[in-house]
Amino acid sequence: NTGLEVFAVDLLSEGLIYDSTFHISGSGCNLYLSDIFVHGDSLPAGHYQMDSVAREMTFLRGMDFEGNITGTYLLHINENKIQKIVLFTGGSMDIALENDIILLDFSLYTADSTFYHATYQGPATYR
């Protein structure tokens, strides 16, 4: 009931691919943001802040509901098996758009204040 659209960002490192059934296979890291809140039908450029509520230009922190992971997290995958799940509890994301290219810059923190930085530059594929 927020009037906002909800997007997800799913990024795979080298070594990971989606198979024909959209399952991740291989070895590498998968950065996933399950809930990004915006007005409109695409992710606009700007600064997004991690939060625990649905407000415009925010995204949810990583949460574990009795084994159900949601929000912002990183999967370490080795030979098709999840080895480790890292939940992010704070941080931000900056989005820039240049023609048909999207640039994502993540600054993320775990509960123990470990800092993770990630970037993506390439096509934005919506499905």
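These questions and answers cover how terms apply to a predicted model of one chain.

Reader: What are the ground rules here?
Author: The model is predicted, so local features need pLDDT of at least 70, side-chain atom pairs count only at pLDDT 80 or more, and totals for chains, interfaces and linings use all residues. Residues are numbered from 1 along each chain as its sequence is written, and side-chain values use heavy atoms, with hydrogens and water left out.

Reader: How many helices and strands does the chain have, and what makes a strand?
Author: There are 0 helices and 13 strands. Both are DSSP runs, numbered from the N terminus: helices are H or I with at least four residues, strands are E with at least two.

Reader: How do you know whether the radius of gyration agrees with a compact globule?
Author: The radius is taken over C-alpha atoms, and the globule rule is 2.2 Å times the number of residues to the power 0.38. For 127 residues a compact globule would have a radius near 14 Å; the chain has 14 Å, so the two agree. The C-alpha atoms fill a box of roughly 40 × 35 × 30 Å along the principal axes.

Reader: Why is Pro123 called exposed?
Author: Exposed means over 50% relative accessible area, buried means under 20%, and partly exposed lies in between (1.4 Å probe, protein chains only). Pro123 has 51%, so Pro123 is exposed. Pro123 lies in strand S13, residues 115–123. Buried residues make up 33% of the 127 in the chain.

Reader: Which residues does Pro123 touch, beyond those up to four places away in sequence?
Author: Pro123 touches Asp100, Ile101 and Ile102. Contact means heavy atoms within 4.5 Å. Gly67 is 56 residues from Pro123 in sequence and 32 Å away in space, C-alpha to C-alpha.

Reader: What makes S9 and S10 a pair?
Author: Two strands pair if DSSP finds at least two bridges between them. Here 6 bridges join S9 (residues 72–78) to S10 (residues 81–87), and the strands run antiparallel. His76 stands opposite Lys84 in S10. The hairpin has 2 residues between the strands.

Reader: Where is Glu66, and what is its phi?
Author: Glu66 is in the loop between S7 (63–65) and S8 (68–70). Its phi is positive, about 50 degrees, and Glu66 is not a glycine. At 83% relative accessibility, Glu66 counts as exposed.
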